[in-house]
Amino acid sequence: MTGETLFQHYPAMPMIWDEMKDADRIREPYHSIYEAIRKLNLPDLQQKDKLASELFMSQGITFTVYSDNEGIERIFPFDIIPRIITSTEWGHIEAGIKQRLRALNLFLKDIYHEQQIIHDEVIPAALIASCPHFTREVFGIKVPNDIYVHIAGIDLIRGDDGTFYILEDNLRTPSGVSYMLENREVTKRIFPDLLANSNVRMINNYPLILHDNLVALSQRQTENPVVVLLTPGVFNSAYFEHTFLARQMGIQLVEGRDLVVDHQKVYMKTTAGLRQVDVIYRRVDDEFLDPLVFRPDSALGVPGLMSAYRKGNVAIVNALGNGVADDKAVYAYVPAMIKYYLNEEPILQNVPTYQMKNVEEREYVFENMEKMVIKETNQSGGYGMVMGNSATKEELQKSKECILANPRNFIAQPIIKLSTVPCLLDGKLQPRHVDLRPYALCGPNGIDIVPGGLTRVALREGSLVVNSSQGGGSKDTWVIDLRET
Amino acid sequence: MLSRIADSLFWLHRYMERADGMLRLLKTSYILSFDKVQASGISWGPALQIFTALSKEEIEALKTNDAAVLQYMITDTRNLNSLRVIVTRARENARGVQDQITKEVWEQVNHLYHMVTHPALTEKLAGPDAIVAIDALITSSDQFCGITDSTMPRGQGWNYMNLGKFTERCLLTVEFTNIFFRKVNYDFTDEQDILFWRSLLLALSGYELHLKNYSNQNHNCNVAQQVLFDKNFPRSLYYALDRANKYLCDVSEMNPVEGTPPLCRMFGRLHSYVKFSDLAIVAETGMEPFLKEIRHELNEFSRLLGQTYFSYA
């Protein structure tokens, strides 16, 4: 089968925004891809697909599935056809995310200090008080440069008219950035000419910006501050990413057992004795960080870490307690925060969100369950989610009961048909739903967002769930400057 | 350097060196197994005795079946010292220090791991392609050495890696030598056929050197001299100890902690003992007690090294 026929058989999906095809026309940003693939045959493309898988495998970019005591190595599925975003669209996204993060940082500072936003009744006190990630232990702690969210992964989706919406803020330990970077490296190997001719913006300076931001957080007067990346260890599913980032930044990768706290200072245990640590980029959740303050059974953390943090002797990235700002119920108030703190209109819109605590909204949702997606406010990774259009009657009934038992724990959103992009599956080009997670870095000199992000794709036909734990894959994401015609 | 990292680098290289030694011995034994007329009766015996925990009876039962031996030694996970288990452990250590080794080194360990765990390997080992498969594994192990040498920075990590490598090499040479000399009742005044010693020398990659260096018939004596004291033979006990001594000196200089002086004294005694010995002393002590003592001291050194630099948990 030739590339041309692959495109001819690409189905049009009614009521869904396909990013490549508008009715019978290939959209302009995809012209270069269309031209390149048209000249190839299916076996060429399949060969590229195979090469991509081998590259991931040989580099150990894998996760392990255990069955019968045997570990089986799997790669995260990668689709070779890049996803394209134009520089104009990107400009809009970038401005929107920067605005949102400025507001969220101000919110976190406020909520752990004066709580002015509650006194002014912009956000109900009960909502914050009932948030499981509102961390009383960090109340009043001053963090360097008043930055709480140093690294954010903001999930965006595109509705049926092509508009970008914010779906979710990930402000704790967002993962996936290594896939964004590695996907590009693999694309360089499989589509070198296409990449070189398409004016694609560079993304590989991400680790350098992050490193500069981390070093700037050190509070000790020293020429070479010690920055470490704290990982839960080799069994963590994101372990590859931890090693990748540590290597790219040239910082130590440490586990909790490598660190010790003495007189409110953090040290790492080296072969030459103890060495003080200034900045910790942690990939361990808040509740496991310090067994003396949070979960006492945690073996991943460092006893006494909070005392050093409180004293300002060590900077922790992202700050503790950020979960209160990416709670799914608090999400609905982010537009209000933007107005409150910045006196601006939100550039990127939220997906309409119904609070189940609110009786009227709840009644409305119950009447329209089949059009709604129900989400638990403190869950992530695609867990705790019920899609109204595909759930059985029993599941919907059970979901209603759960909501009634604890309405604060749930929100509902109308199901948005995510935009689709072409994927090479089973020897055909097929449309699949995608989202986009750009990674934003907040440092003392402002907010940087490398142009692109991780495009996650729901590989099952018709599925809207893109999470890797639920059968999702990923794609390289190109932000391109279209040439003037 | 983090203690945990140093520990992992040390063990990464111990395991890789063990895998290498084992593969060489397997290849030699496999080729030897085709010669059905064997005066020496060597065949799979040494490999099974050194690298498995099987009883005498089990070894007897297994050693006539080439395919079964290869399966057991290479791919069987019930054998806790099979190549697959060793390489998996090496990879686990490498995974834990991925940011401290170069990308190339990691990819090579990962490559060898995927070779050993590939489902087709079991089938290959049972058929006529067994030698091709073993050769491919040996090449991959050689590549690991080359890649490590050409990409790893010469810092602390390098020193710990080499300490692991040469500690393991000493132990392997001691074990190999012991098994083969046991067959001749540790008598090196005797003149065993060179064909007997060829297996030992091939397993240690020292056969060609032996032919170049020795032209007389005192094979037992010559072989003992070569594997224990030849300072130009990279797998001799003396050479490996001397290298380990160099890396220990570098490590101790960079990490002058409390336990360093006793550790250096302990290793210094062992190093000097071998350095200032010769075959006459070995004969006087008895080869078996001599090798036994070296093995004991090496294990003690490894333990003390861990206690001094790797205690982090």
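View 1. Helices are DSSP runs of H or I with at least four residues, strands are runs of E with at least two, and both are numbered from the N terminus.

A word on the model before you zoom in. This is a predicted model, in which local features need pLDDT of at least 70 and side-chain atom pairs count only at pLDDT 80 or more, while totals for chains, interfaces and linings use all residues. Residues are numbered from 1 along each chain as its sequence is written, and chains are lettered from A and ligands numbered from 1 in the order in which they are written.

**View 2. Where chain A meets chain B.** Chain A brings 20 residues to this contact and chain B brings 22 residues. On the side of chain A, two or more residues come from each of α3 (42–58), α10 (239–249), β9 (252–254) and β11 (265–270). By class, this side of chain A holds seven nonpolar, eight polar and five charged residues.

**View 3. The largest nonpolar core.** This core has 213 residues, and A:Val228 and B:Leu237 have the most contacts inside it. A nonpolar core is a set of buried Ala, Val, Leu, Ile, Met, Phe, Trp, Tyr and Cys residues joined through C-beta atoms within 7 Å. A residue is buried if 20 or more other C-beta atoms lie within 10 Å of its own, exposed if 12 or fewer, and partly exposed in between, with C-beta atoms placed from the backbone. Helix α1 (residues 3–32) of chain B gives the most to this core, 13 residues. Which residues touch A:Val228, leaving aside its neighbours within four places in sequence? Look for A:Ile251, A:Gln252, A:Val254, A:Met268, A:Val277 and A:Ile280.

**View 4. The two domains of chain A.** Domain 1 of chain A takes in 88–158 + 203–342, and domain 2 covers 352–414. The C-alpha centres of these two domains of chain A lie 30 Å apart. Eight residues of domain 1 of chain A are in contact with seven residues of domain 2 of chain A. On the domain 1 side of chain A, the residues divide into four nonpolar, two polar and two charged.

**View 5. Helix α14 of chain A.** In this helix (residues 334–342), the buried residues are A:Val334, A:Met337 and A:Ile338. Seen down the axis of α14(A), they fall within an arc of 100°, so they line one face of the helix; the arc is that of the directions from the helix axis to the C-beta atoms. Their cover includes α4 (87–111), α13 (328–331) and β15 (349–350) of chain A. Just after α14(A), A:Asn343 adopts a positive phi of about 55°.

Terms used: Two residues are in contact if their C-beta atoms, placed from the backbone, lie within 7 Å. Ala, Val, Leu, Ile, Met, Phe, Trp, Tyr, Cys and Pro count as nonpolar, Asp, Glu, Lys and Arg as charged, and the others, Gly among them, as polar. Domain bounds come from an automatic or database domain assignment.
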